[in-house]
Amino acid sequence: MEAVELKNTVLKYVDKADERLLEMMLSLAENYEEKLSTPLSETDYQEMDQRRLNHLNDKSESYTWEEVRKKAKNTLKK
C-alpha cells in the first residue's frame with residue numbers, strides 16, 4: 001500500500017474508533033514522534049569525538065567554509 005492509501009485506511013479506523021483504540025493510536029504516534037526526535041546515539045557521539053580529536057591532531061583533512069562552498073558549487077556545475 002502507498003502512503004496515501006495507508007493514511008486513508010487508518011483514517012477510516014479513526015472515524016469508527018472507540019476510546020481504547022484512540023488511546024492506543026495516540027500512544028503509538030507519541031512513541032513514533034519521540035523516536036524521531038531522539039538525540040544522537042552514544043556511538044554517534046563517540047564518532048564525533050574521535051573525528052574532533054583527529055582534526056585537532058592534524059590527522060584529518062579540514063576545509064574552510066569558503067573551500068566547502070567552492071567544492072559544492074563545482075559539484076553542481078558538473
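Me: How many salt bridges does the structure hold?
Reply: It holds 2 salt bridges. This is a predicted model, so each one is a computed contact.

Me: Which residue does R51 meet in a salt bridge?
Reply: The side chain of R51 meets that of E47, at 2.8 Å from N to O. Both residues lie in helix α3, residues 42–56. They are 4 residues apart, about one turn of the helix.

Me: Where are E66 and R69 in the fold?
Reply: Both are in helix α4, residues 65–77. They sit 3 residues apart, about one helical turn. E66 counts as partly exposed at 42% relative accessibility. R69 is partly exposed too, with a relative accessible area of 36%.

Me: Switching topic. What is the secondary structure of the chain?
Reply: There are 4 helices and 0 strands. Along the sequence the pattern reads α-α-α-α. The radius of gyration is 23 Å, well over the 12 Å that the globule rule gives for 78 residues, so the chain is more spread out than a compact globule.

Me: What does the C-alpha trace span along its principal axes?
Reply: About 60 × 35 × 20 Å.

Me: How many of the residues count as buried, as a percentage?
Reply: Of the 78 residues, 1% count as buried. The chain exposes about 8,000 Å². Carbon and sulfur atoms supply 55% of that area.

Me: Which residues form the nonpolar patch on the surface?
Reply: V10, L11, V14 and L22. Together they have about 280 Å² of accessible area.

Me: Which helix gives the most to that patch?
Reply: Helix α1, residues 3–16, with 3 residues. L22 has its place in helix α2, residues 19–36.

Me: What else is in α2? E34, buried or exposed?
Reply: E34 is found in helix α2. At 59% relative accessibility, E34 counts as exposed. E34 and M24 are 10 residues apart along the chain, and their C-alpha atoms are separated by 15 Å.

Me: Now the backbone. What is the phi of D58?
Reply: D58 has a positive phi of about 55°, although it is not a glycine. Most residues other than glycine have a negative phi.

Me: Where is D58, and is it buried or exposed?
Reply: D58 is in the loop between α3 and α4. At 71% relative accessibility, D58 counts as exposed.

Me: Last one. What is the average pLDDT of the chain?
Reply: The average is 90, and 99% of the residues score at least 70.

Technical notes:
Residues are numbered from 1 along each chain as its sequence is written. This is a predicted model: local features need pLDDT of at least 70, side-chain atom pairs count only at pLDDT 80 or more; totals for chains, interfaces and linings use all residues. Side-chain values use heavy atoms; hydrogens and water are left out. Patches are made of residues with over 30% relative accessible area and no salt bridge: like charges are joined within 9 Å, nonpolar side chains (Val, Leu, Ile, Met, Phe, Trp, Tyr) within 5 Å. Accessible areas come from the Shrake-Rupley method with a 1.4 Å probe; for residues, only the protein chains shown count as cover. A salt bridge is a side-chain nitrogen of Lys or Arg within 4 Å of a carboxyl oxygen of Asp or Glu. Helices (H or I, at least four residues) and strands (E, at least two) are DSSP runs, numbered from the N terminus. Buried means under 20% relative accessible area, exposed over 50%, partly exposed in between (1.4 Å probe, protein chains only). pLDDT is the predictor's confidence in each residue, from 0 to 100. The radius of gyration is taken over C-alpha atoms; the globule rule is 2.2 Å times the number of residues to the power 0.38.
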